Amino acid sequence: MNRALLIWRKSLNVVMLTLTGVAALSVVSVLFLILGYLIWHGGASLSWNFFTQLPKPVGETGGGMANAIVGSLKLLLLAAVIGLPVGLMAGVYLAEFGGQTFSFVIRYTTDLLNGVPSIVIGIFAYSLVVLPVKHFSTLAGGFALGIMVIPITVRSTEEFLRAIPGTLREGAMALGASKWKTIATVVLPAASGGILTGMLLALARVAGETAPLLFTAFSNRFWSPGWSQPIASLPVMIYTYAIAPYDDWHRQAWAAGLVLLGLVLLANLGCRLALNRGGNVRSV
Amino acid sequence: MTSTVTTIQHAAPPYSGPRAFVRRLRHGDEIAHLITLTFAAAILLITSMLVWELWVNSHLSRAKFGWNFFWTQTWDPIFDNFGAAPFIYGTLVTSIVALVIAVPLGLASAIFLSELAPRKISDAVSFLIDLLAAVPSVIYGLLGIFVVVPLMRSWLGPFLINTLGKVPVLGKLFAGPNYGVGFFTAGIVLAIMVVPFIISVSREVLLTVPREQREAALALGATRWESTSKVVVPWARTGIMGSIFLALARALGETMAVTMVIGNDPKISASLLHPGYTIAAVIANEFTEATGDLYLSALIELGLVLFLMTFILNGLARILIVATERGGGRPA
């Protein structure tokens with residue numbers, strides 16, 4: 001009886017532990033499945049034209065997504081200009097100046113803002129930027145993405161600033177530097193690697209966002225000069241091409257998906273490797 | 001060098017009143033403080049403006065439908081009659097399906113990473129899982145349309161109908177016809193999308209469980225699995241709940257991938273294999289086509305509902321995770 005129980009417990013142990021391993025393996029394999037599938041399908045449809053040509057009119061095959069690639073870059077530039085300064089400064093406040101209660105409120109709000117569904121951010125940008133001028137624009141899309149950049153930047157900036165040892169600050173202050181001088185010339189430079197990586201990660205995350213662009217930047221089958229016209233972007237193009245009934249569009253969606261995923265994963269890979277290896281090497 | 005000296009001279013004498021404030025301003029610290037504070041306050045402002053805009057712009061719909069909005073099942077843009085029930089239903093059902101799949105998978109993986117795998121392998125796998133979390137949702141949608149939906153249509157759907165569909169009560173959930181698109185397909189795609197979040201947060205939480213807890217259980221003769229399932233996991237359960245809430249909040253608000261595979265049909269049906277609609281999906285699909293102020297207002301009210309749902313869940317999740325990481329977890 002006792003022996004049977006022991007065998008039962010031991011086999012349960014082996015079975016359950018194996019299952020956890022299988023679970024981890026299957027989750028990781030999903031990443032490689034996604035990558036493999038996109039390379040297989042997207043690689044075949046990727047061509048020079050994809051990067052240099054405008055979309056062809058409906059029904060004609062060929063063409064590319066040059067305007068969407070430029071569009072995504074323009075939107076990201078706007079997002080960076082709008083979101084990064086706010087994120088950086090607020091992060092500095094939380095790490096260097098903040099008191100107890102107010103900092104807690106800011107931190108909590110930041111987390112909540114981070115959790116707001118991107119489609120709701122889209123509605124926000126729509127009612128704030130699109131409604132008053134009554135047309136979709138690059139500006140509105142960039143604004144929506146910029147809002148999403150803020151919370152991510154705040155938290156990463158704060159984290160990297162906190163990782164700088166207090167002795168560094170004390171050293172600078174002992175030399176007579178004022179607090180802001182300490183921050184600007186000692187603490188921020190020491191944390192700059194981490195902070196910049198965090199910013200790049202934030203941009204990589206919003207680069208793939210589709211939902212907030214649907215009714216802010218909208219889309220465009222042509223070039224979009226300036227900042228006040230609707231503009232195409234890679235994620236929105238993937239969406240519209242994927243749900244369209246044309247085979248050629250599907251092929252282009254795969255190609256665009258490969259380009260987008262490649263860029264996002266490369267940025268992530270680079271940043272995370274740099275962070276894992278370096279950490280706070282520069283601060284010491 | 002000179003500036004350093006003057007700084008010290010300024011700092012020393014005890015000024016008070018407005019003069020001191022001016023001195024400190026000249027000193028620069030207060031200015032820096034104020035500037036960064038302004039940016040931090042901007043986050044508060046943005047978030048409250050977000051709520052305000054949702055509230056104000058959904059006014060028409062709130063005034064006309066009131067609470068009935070939540071249980072009306074019609075969505076009729078032509079006669080300006082809007083109800084949120086099918087969308088709320090779809091959002092909840094797809095998220096629950098996602099959790100039913102993702103929680104066991106994620107928790108098991110987290111256990112493997114924190115309890116079994118050597119640190120190096122654990123770190124490497126977590127790294128890959130972080131990358132998985134970075135995949136844009138539209139890519140999941142793309143794979144959803146061209147991989148998961150055909151799989152569901154030709155293989156998994158018929159399989160489910162023939163097996164689980166035959167079980168007395170459960171069978172209702174897996175009744176045909178099977179279109180390939182629907183709640184279940186959306187749930188699968190969502191599950192894949194939220195699993196990385198469950199894993200990375202649960203792993204962090206499990207790693208905070210003190211080693212003595214495991215050792216004590218093992219010393220009492222427990223097997224590895226028993227120490228994990230009866231000691232470690234119960235200790236970390238609050239944090240694990242937090243990770244599940246986070247995942248749920250993400251699943252509720254996920255837009256693109258769901259829009260592409262759910263079938264976009266505002267109906268409430270018991271079968272998970274039938275097409276449905278979610279809040280995020282209907283906003284994504286109909287927002288630009290919304291003619292008429294009431295139509296737009298109803299869509300924005302849906303956005304408000306979605307915002308509140310995720311707002312509450314996120315808040316709860318943060319509290320739970322912080323509680324466990326501060327050592328609030330107790331063995332059962």
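These legends describe close-up views of a predicted model.

**View 1. Chain A meets chain B.**
In this predicted model, 71 residues of chain A are in contact with 72 residues of chain B. Several helices of chain A each supply at least two residues of the side that touches chain B. Among them are helix 1 (2–45), helix 3 (66–97), helix 4 (101–115) and helix 5 (118–133). Helix 6 (138–162), helix 8 (179–207), helix 9 (234–243) and helix 10 (247–278) also take part. Which helix gives the largest share of this side of chain A? Helix 1 of chain A does, with 17 residues. By class, the side of chain A that touches chain B has 50 nonpolar residues, 14 polar ones and seven charged ones.

**View 2. Helix 6 of chain A.**
Helix 6 of chain A has 25 residues. From its first C-alpha to its last, helix 6 reaches 36 Å. That is close to the 36 Å expected at 1.5 Å a residue. Is helix 6 of chain A mostly covered or mostly uncovered? Helix 6 is mostly covered, with 23 of its 25 residues buried.

**View 3. Helix 3 packs on helix 6 in chain A.**
The axes of helix 3 and helix 6 of chain A are 6 Å apart. The two helices pack at an angle of about 30 degrees. Angles under 35 degrees count as roughly parallel, so helix 3 of chain A is roughly parallel to helix 6 of chain A. Their crossing is right-handed.

**View 4. Helix 7 packs on helix 8 in chain A.**
Helix 7 (residues 166–174) and helix 8 of chain A pack at about 150 degrees, and their axes are 10 Å apart. Angles over 145 degrees count as roughly antiparallel, so helix 7 of chain A is roughly antiparallel to helix 8 of chain A. Helix 7 passes helix 8 in a right-handed crossing. On the helix 7 side are A:Leu168, A:Arg169, A:Ala172 and A:Met173. They meet A:Thr182, A:Val186, A:Val187 and A:Ala190 in helix 8 of chain A. The residues of this contact divide into six nonpolar, one polar and one charged.

A:Leu213 is in the loop between helix 8 and helix 9 of chain A. Is A:Leu213 buried or exposed? A residue counts as buried with 20 or more other C-beta atoms within 10 Å. A:Leu213 is buried because it has 31. Leaving aside neighbours within four places in sequence, A:Leu213 is in contact with A:Gly141, A:Ala144, A:Ser233, A:Pro235 and A:Val236. A:Asn13 lies 200 residues from A:Leu213 along the chain, and their C-alpha atoms are separated by 49 Å.

Conventions:
Residues numbered from 1 in each chain as written. Chains lettered and ligands numbered in written order. Predicted model: local features only at pLDDT ≥ 70, side-chain atom pairs only at ≥ 80, totals over all residues. Contact = placed C-beta atoms within 7 Å. Helix = DSSP H or I, 4+ residues; strand = E, 2+ residues; numbered from the N terminus. Nonpolar A, V, L, I, M, F, W, Y, C, P; charged D, E, K, R; others polar. Expected span 1.5 Å × (residues − 1). Buried ≥ 20, exposed ≤ 12 C-beta atoms within 10 Å, placed from the backbone. Axes fitted to C-alpha atoms, helices over the stretch in contact; angles between N-to-C directions. Parallel < 35°, antiparallel > 145°, perpendicular 65-115°, else oblique. Left-handed = near helix turned anticlockwise from the far one by under 90°.
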